[in-house]
Amino acid sequence: MNIKKLVLAATLASIAAGTAWSQTTLRIFTGGQQRPDVMRKIADEYEKRTPGVKIAVEVGGATSDAQQQYLNTVLTSKDSVLDVVLIDVIRPAQWAAAGWAEPLDAYLGADRQKVLSQYMKAYVDANVVNGKVISLPYFADAQFLYYRKDLLEKYKRSAPKTWDDLMETAQIIMQGEKNQNLRGFETAGAPIEGTVCTYLVPLWGEGSDITKNGKLNLDTPEARAPFQLMGRLKQSGVLSPNVGEIATDRIRINMQAGNLIFAQTWGYVWNRSQNDADSQVKGKIGVAVLPSSKTGKGATCIGGWQLAVSAFSKNKAEAAKFVRYLSSPEVSKMQAIAASHLPVFPSVYKDKEVLAANPWFEFAGPIVETAKARPVTPRYQEVSDTIRSNMNAYLSGTKTTDVALGDMQKRLSPVFK
Ligand code: GLC
């Protein structure tokens with residue numbers, strides 16, 4: 001689709017209708033996974049209360065990476081076509097360094113502190129880069145363990161606390177069900193952003209991290225743990241054999257089709273699996289914290305999507321106003337109910353209607369608050385590429401732990417020196 005031609009056609013049409021001079025159209029970009037249908041309803045509400053402003057929702061990119069690839073093209077050419085852009089929680093530092101986001105401090109003015117103080121701290125940390133507000137949070141996210149409540153009940157098993165429990169329960173159910181399509185456990189394994197968390201969650205679970213005092217810290221026994229865990233899950237037949245091809249939304253599709261016992265995935269899966277017409281698992285899903293290793297330390301990856309005003313927008317002041325509306329408790333509640341998007345406001349987790357739609361939000365708030373961030377650096381793209389491609393190579397059987405870890409060390413040592 002040629003966006004410029006479309007915009008021109010729309011402008012000409014509105015001139016013909018005599019409205020060109022009174023109307024601002026703000027164009028917001030979102031990925032398909034972030035529920036553009038819900039964004040449209042929110043935009044309709046904003047249009048009702050903001051005469052003279054129309055919102056166009058543009059959708060592109062099935063994964064966080066595909067979205068950013070498209071945006072790279074638009075932004076490096078300084079194209080003014082987009083006014084507001086939904087960006088993954090890992091990107092504000094990169095956007096700040098590239099000069100793609102209009103800092104929002106001046107638009108928040110005297111409200112800056114008041115606005116920032118309403119959010120969970122992790123989202124202030126993610127969106128304020130070198131003292132500047134690069135974006136405001138739209139919704140929070142974290143990885144959870146989704147499980148088939150009905151099958152666990154049938155085999156008298158409780159939600160697993162450790163990865164060993166998970167493996168044992170999955171094996172018992174798979175043997176009992178004798179269903180060729182039923183897999184034990186799935187997590188992202190394709191060379192995409194989500195696979196970074198497939199590596200980090202077990203690493204953090206061992207109490208370790210990629211860096212220590214700012215220096216690369218992969219020369220440790222703990223750095224091997226994620227490979228060892230995935231290797232054991234694969235050997236036991238519990239992990240999907242094609243995990244190297246599994247991207248984020250595929251996990252939801254497989255869970256919804258009734259083909260998965262356990263999944264490590266994000267908040268949005270709840271709403272889709274309970275409400276989509278084709279879901280085979282309505283009322284059959286439970287959500288819990290991710291299992292921990294034997295050491296008992298659970299961990300999860302923080303996620304979520306932020307709203308940035310494009311540095312090349314021709315409507316920055318109007319765009320900033322729209323962003324403030326989108327980043328409000330009112331909109332957070334709408335998203336929580338319509339899409340199980342986790343709130344960035346602690347108060348919204350206590351809302352009765354929100355809890356009725358998402359009973360598991362009762363324990364989700366503290367999980368989000370203690371979830372860990374992927375490395376924060378303007379060079380995040382290299383970090384992500386390195387981790388995900390090596391984890392993917394291990395999962396696909398083309399690299400051993402030693403080779404994958406050695407390659408990660410080589411590529412990451414110049415980033416964290
Ligand atoms: C979810 C998370 C996001 C993460 C992505 C990976 O959308 O909110 O932070 O990077 O999944 O697939």
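How far does a polar side-chain atom of Arg374 lie from an oxygen atom of the ligand? Select both and you will find 2.8 Å between them. Taken alone, the ligand exposes 310 Å², and the protein buries 97% of that (accessible areas come from the Shrake-Rupley method with a 1.4 Å probe).

A word before moving on: this is a predicted model, where local features need pLDDT of at least 70 and side-chain atom pairs count only at pLDDT 80 or more, while totals for chains, interfaces and linings use all residues. Residues are numbered from 1 along each chain as its sequence is written, and side-chain values use heavy atoms, with hydrogens and water left out.

Next, pick Asp88: an N or O atom of its side chain is 2.6 Å from an oxygen atom of the ligand. Then try Asp141, where a polar side-chain atom lies 2.7 Å from a ligand oxygen atom.

Now show the residues around the ligand, including Gln33, Glu193, Trp266 and Trp305 (each has a heavy atom within 4 Å of it). Strand β13, residues 302-309, gives the largest share of this shell, 3 residues (strands are DSSP runs of E, at least two residues, and helices are runs of H or I, at least four).

Finally, colour strand β1 (residues 24-30) and strand β2 (residues 53-59), which run parallel and are joined by 7 bridges. Look for Thr24, which stands opposite Val53 in β2.

Definitions and conventions:
Two strands pair if DSSP finds at least two bridges between them. A polar contact is a pair of N or O atoms within 3.5 Å; within protein, one must be able to donate a hydrogen and the other to accept it, and residues adjacent in sequence count only if both atoms are side-chain atoms.
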